Amino acid sequence: MAEPTDQPPSPSSSSATMPPNDPISLIRPRREPFEYGLLPIPKLVFSDPVQTLIPLKDKLLLHSSPSHRINSAAISESLQISLDHARLVLDTIASVLHSPSDPLLNASPDEIDSVGVDVHDLILFLYIHSYKRLLPRSHKDAAAVADVWPSTSAFDGYLSALSPLQLVRSNSRRLMPSQADEEAHQLSYLQKHISNILSLLAETVEGEGEELLVLSVDRFEHLGFLVQFGDKGSDGIQLSQHAPFFANSDPDMPAAPVPAAQVLDWILQNIASALEQISERASLKENGPSDPDIAMADASTSSVNKTSFTRGPSYIEGISKSSLVKQASDLKGSSVKVLNCHESVIYILAPLRYATIYGCSDTTIVLGAVGKAVRVEHCERVHLVTVSKRVCIANCRECLFFLGVNQRPLIVGDNHKLQVAPYNTFYPQLGDHMSEVGLEAALNRWDEPLALGVVDPHDSLSHPAGVSDVQTESATCLDPDQFTNFLIPNWVSGEFLGSTHCNPFPLPEAYSASLERNQKTLEEVNQILRETPLEENRKRELSSALHVYFKDWLYASGNIRQLYCLQGE
């Protein structure tokens with residue numbers, strides 16, 4: 001099949017009719033590989049993916065197990081990357097895989113390497129490392145959000161010779177691209193590259209005097225790594241059941257392989273139909289009375305959960321100088337995006353698959369149990385408390401992360417003064433939520449951050465030559481003397497029953513000793529106050545002074561706002 005060109009190939013007129021514009025029947029990109037699966041490792045990015053990946057696939061299949069699976073040692077040798085990076089590739093693929101029956105999805109952290117990844121999923125994962133993300137978009141009303149966007153940091157321009165990310169942040173306030181724009185961008189990428197992707201999955205058979213590329217049902221199902229029908233993959237229906245040439249085939253008698261050209265025509269038709277619907281939606285929105293994507297048009301007013309789409313992740317956007325609580329019943333899906341929130345406290349106490357935190361500043365965010373991945377990007381002075389399978393931190397400054405993570409925290413991009421600490425809170429349903437999404441409290445790798453490149457080859461920015469191998473600034477561990485437990489108030493965790501009554505993650509000795517010292521000091525102060533012989537009027541004066549100092553602290557720290565907001569809900 002031909003190399004990708006600027007114009008995608010046109011579907012032939014002999015193929016099946018165009019699919020209807022029913023949202024359930026429309027093809028959609030799987031956002032997870034594009035949003036959570038791209039790694040800034042230069043050796044995973046190929047200038048000519050097909051010419052590199054075809055011989056690599058043949059080599060991997062030759063040395064793979066009978067089930068076509070390979071482990072991190074084989075990945076390391078084949079791609080000439082370190083074992084740490086090869087294991088990171090395995091962990092990342094496991095976090096974005098599509099098939100619930102794949103053994104890698106259900107493997108425990110210490111089983112992932114022995115289970116390995118299917119060669120064809122690995123090849124698709126490597127191919128999409130040629131993808132370039134959309135640039136952040138400018139806000140239509142920059143003046144309205146100027147007072148709540150992260151302030152220009154002293155670090156702006158410090159590494160301008162290395163990366164223009166600071167210039168993007170300091171010179172023009174940007175917003176994350178809308179979901180519709182990202183989906184159209186991902187579909188356009190697939191439209192351009194699907195011919196090559198199919199050639200990597202296809203098998204060669206002898207035709208009438210020539211070799212013919214065909215796809216079996218099993219090979220076709222691997223496309224589910226990149227595309228699905230409907231937002232949730234039509235509730236587990238296999239991708240092949242949406243294809244007219246494989247639908248209703250008997251699992252005991254699989255359908256005969258189909259020419260790759262026929263599959264190509266069918267997919268291109270579906271992509272064209274989906275892009276047309278996205279364009280129509282965008283046109284209606286532009287001509288409508290309001291723009292639901294501008295969630296910060298009045299960012300200084302009361303906090304509102306801005307949801308611009310009826311499908312996909314739940315959006316919490318534009319919260320400013322306020323507090324917000326979301327339980328599982330308040331979310332419409334298993335993913336959440338917290339965007340452009342400032343000087344606030346946000347609790348999301350729910351079992352989730354994915355979470356994104358983008359463009360926030362001076363905010364404390366408590367996430368429940370996240371079974372796949374959390375991505376934190378372009379944030380300043382944010383405190384994140386979360387339990388998750390994995391966390392990726394990109395382009396952040398002066399942030400503190402209290403983590404219960406089964407995999408090493410990933411640090412990428414242009415970061416400064418990041419700190420990590422062990423998980424420090426709980427709520428009654430935490431244990432149930434962790435079990436629901438498959439997280440283990442016995443393993444916490446919070447203190448093993450893995451730093452990659454300061455330059456992300458998947459953004460659409462131009463970078464100076466010679467900086468692609470520069471490693472980002474890693475995170476340091478919080479001083480145990482500064483470690484405290486984070487208390488989630490009863491009125492936040494709600495009246496739901498649960499069996500979790502303490503932090504499920506064991507604390508390292510230095511941190512538990514620090515808490516014990518603080519508790520002992522508090523008890524000694526209380527005892528001194530109780531035993532100090534004071535007249536009643538002096539006791540009242542002391543009590544009044546303590547209350548005044550505590551109230552002053554509440555106002556100075558901003559916690560008084562949280563107290564009023566949450567008690568008023």
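Predicted model: local features only at pLDDT ≥ 70, side-chain atom pairs only at ≥ 80, totals over all residues.
**Figure 1. The start of helix H3.** At this end of H3, asparagine 71 places a side-chain oxygen within 3.3 Å of the backbone nitrogen of alanine 73.

**Figure 2. Buried residues of helix H3 and their cover.** H3 spans residues 72-79, and its buried residues include Ser72, Ile75, Ser76, Ser78 and Leu79. Among the elements covering these buried residues are four helices, H2 (49-63), H4 (83-96), H5 (112-115) and H6 (119-127). Strands E2 (69-70) and E3 (117-118) also contribute to the cover.

**Figure 3. Phenylalanine 402 in strand E17.** Strand E17 runs over residues 400-405 and contains phenylalanine 402. Phenylalanine 402 counts as buried because its relative accessible area is 8%, under the 20% cut-off. Leaving aside residues up to four places away in sequence, phenylalanine 402 touches Leu384, Val385, Thr386, Ala421, Pro422, Tyr423, Asn424, Leu478 and Phe483. Histidine 383 lies 19 residues from phenylalanine 402 along the chain, with a C-alpha separation of 7.6 Å.

**Figure 4. The whole chain, as context for the close-ups.** The chain comprises 17 helices and 21 strands. Of its 569 residues, 51% are buried. Contacts between residues at least 24 apart in sequence make up 60% of those between residues at least 6 apart.

Key. Residues numbered from 1 in each chain as written. Heavy atoms only, no water. Helix = DSSP H or I, 4+ residues; strand = E, 2+ residues; numbered from the N terminus. Buried < 20%, exposed > 50% of the residue type's maximum accessible area, 1.4 Å probe, protein only. Contact = heavy atoms within 4.5 Å. Polar contact = N/O pair within 3.5 Å; in protein donor to acceptor, adjacent residues only side chain to side chain.
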